[in-house]
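Q: Can you walk me through this one? Keep it short and plain, please.

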Amino acid sequence: MTDIEEKKNDEVEEESDFADEIKTAVEETPALEAKPEPEDTINLHAEEEAEEEVEEPKPAPSKDGKITIEYPDETLGKVELARQDFYKVYRKSNIIKWIVTGVCILLIVCGWLIPNAIKTADPEDFWNKYSMFIALGACGLGLVILLVFNYFWRRNVQSAMNRYIREYYELTNAYVFPSEVTDLQGSLDNKIEQSELEESDIYKEVGKVGSRATYTFNYKGKLIKVADAAAQTFVGKNLRTVFVGKYLYTTNGYKGSDILIYFKGNKRALPPTNLADRKVFSDSKNIVIYGDKGTEKVITAKVREALNEFKTNKTFVDMAIAIREGKTYFAMGYEDDLMVIALEKPFDPNPTVQYAGDLKKVLKLIDLLK
């Protein structure tokens with residue numbers, strides 16, 4: 001129904017939760033020198049564990065009958081009200097569309113059948129002479145009415161959808177960004193350049209980058225940029241999705257060789273693709289860190305503690321962090337339940353709540369890494 005949503009290409013029959021506890025091998029065996037290790041010896045998917053029970057939204061009756069889910073915050077409840085307003089317009093427009101379509105089809109059928117049914121054997125009879133013209137005229141009129149109506153129908157529905165999506169981001173941003181965030185600027189229409197994602201060096205040979213809802217903001221004196229983004233690489237003549245989620249980056253004062261931190265995910269996860277020639281600093285069942293000698297100066301005890309706070313699951317699929325001279329990049333992979341905006345089904349607040357918690361942890365990590 002909409003071209004706005006971008007989904008991951010690969011479908012799997014079964015999904016599994018990520019491990020809840022994240023530990024780094026640095027804690028167990030401090031590595032003073034990174035060791036090269038073939039890429040294919042590293043398991044980039046977390047070991048499957050028993051599924052964690054996730055509390056689903058609870059139905060809750062309301063006096064006006066509008067909200068059917070219990071929302072943890074009034075702001076998130078307003079998202080559902082905005083969705084319902086859009087869906088009313090969409091549903092009403094759809095009913096009118098079917099009525100107009102039926103009338104146009106009836107006009108075309110009648111224009112063809114009636115003149116032929118009432119014409120006589122007299123060649124000079126009016127219906128004999130003009131039945132074909134009447135039929136063609138009825139068909140033309142029906143098609144013109146249908147095309148004109150369809151044009152205005154699309155404009156009306158698209159306008160309502162755009163209005164809802166803008167309100168969606170305004171409300172979810174108000175919930176997601178903590179009070180320490182200032183000077184939030186951007187819009188749904190703002191995008192990132194392909195080079196902004198390529199500069200992270202997380203993915204190789206990026207062929208296409210799609211983005212929306214790009215914002216910049218200040219957090220404790222640091223300028224940060226975040227966007228909904230999806231990246232694809234060429235595999236022969238075809239495009240393969242390598243990232244879908246929230247892409248965030250900021251400046252740093254780091255000097256040294258690149259460090260890449262990857263939180264492993266389940267079968268739906270999309271690990272980094274630019275891993276050739278990277279040295280493995282540490283590897284555990286949930287996280288792998290690539291970096292040369294000196295990486296331990298960045299991955300301090302406090303940083304390890306902050307890394308251990310991230311808990312991946314079916315919504316928060318995985319995350320890659322690239323620390324390079326001048327900038328730090330976060331590729332936060334998320335499932336469709338967050339990245340695809342609810343249109344026909346009620347708005348589920350849980351993925352947004354998940355993202356809000358993850359973002360706070362990312363901001364804390366940025367504060368430590370600076």
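Q: OK, what share of the chain counts as buried?
A: Of its 370 residues, 45% count as buried. Buried means under 20% relative accessible area, exposed means over 50%, and partly exposed is in between (1.4 Å probe, protein chains only).

Q: Where does this model come from, and how are residues numbered?
A: It is a predicted model: local features need pLDDT of at least 70, side-chain atom pairs count only at pLDDT 80 or more, and totals for chains, interfaces and linings use all residues. Residues are numbered from 1 along each chain as its sequence is written, and side-chain values use heavy atoms, with hydrogens and water left out.

Q: How many helices and strands are there?
A: The chain has 7 helices and 10 strands. Both are DSSP runs, numbered from the N terminus: helices are H or I with at least four residues, strands are E with at least two.

Q: And how much accessible surface does the chain have?
A: About 19900 Å², and 53% of that belongs to carbon and sulfur atoms. The areas come from the Shrake-Rupley method with a 1.4 Å probe; for residues, only the protein chains shown count as cover.

Q: What share of contacts comes from residues 24 or more positions apart?
A: They account for 73% of the contacts in the chain with a separation of 6 or more. Contact means heavy atoms within 4.5 Å.

Q: Switching to rings. How many aromatic pairs are there?
A: A search of the whole structure finds 18. Rings of Phe, Tyr and Trp (its six-membered ring) pair if their centres lie within 6.5 Å; planes under 30 degrees apart are stacked, over 60 edge-to-face, and the rest tilted.

Q: Why does the pair Tyr-71 and Phe-347 count as stacked?
A: The ring centres are 6.0 Å apart and the planes are at 5 degrees, so the pair is stacked.

Q: Where do those two lie in the chain?
A: Tyr-71 is in the loop between strand E1 (35-36) and helix H2 (74-118). Phe-347 is in the loop between helix H6 (336-339) and helix H7 (350-369). So the pair ties together parts that are 276 residues apart in sequence.

Q: Are they buried or exposed?
A: Tyr-71 is buried, at 14% relative accessible area. Phe-347 is buried too, at 3%.

Q: Which residues do ring pairs link into a cluster?
A: Among them are Tyr-71, Phe-86, Tyr-87, Tyr-164 and Phe-347.

Q: What sits over the ring of Trp-153?
A: The charged end of Lys-97, 4.1 Å from the ring centre. A charge sits over a ring if NZ of Lys or CZ of Arg is within 6 Å of the ring centre and within 35 degrees of the ring normal. Lys-246 lies over the face of Tyr-355, 4.7 Å from that ring's centre.

Q: Which residues stand opposite Lys-246 in the strands?
A: Lys-246 in E5 is the bridge partner of Asp-228. Lys-246 also stands opposite Met-332 in E10.

Q: How do the strands around E5 pair?
A: Strand E4 (residues 222-235) and E5 pair antiparallel over 12 bridges. Two strands pair if DSSP finds at least two bridges between them.

Q: What about the turn between E4 and E5?
A: E4 and E5 form a hairpin with 2 residues between them. Gly-236 in the turn has a positive phi of about 70 degrees.

Q: Why is E5 called largely enclosed?
A: In E5 (residues 238-251), 10 of the 14 residues are buried, so the strand is largely enclosed by the rest of the structure.

Q: How many residues of E6 are buried?
A: 5 of the 5 residues of strand E6 (residues 259-263).

Q: Which way do they point?
A: Ile-259, Ile-261 and Phe-263 point one way, and Leu-260 and Tyr-262 the other way. In a regular strand, side chains alternate between the two faces of the sheet.

Q: Which strands are joined to E6?
A: E6 runs antiparallel to strand E9 (residues 316-324), with 5 bridges. E6 also runs antiparallel to strand E8 (residues 287-290), with 4 bridges. Phe-263 stands opposite Met-319 in E9, and its bridge partner in E8 is Ile-287.

Q: Last one: is Lys-370 buried or exposed?
A: Exposed, at 54% relative accessibility. Lys-370 is in the segment after H7. Not counting residues up to four places away in sequence, Lys-370 touches Lys-220 and Lys-222.
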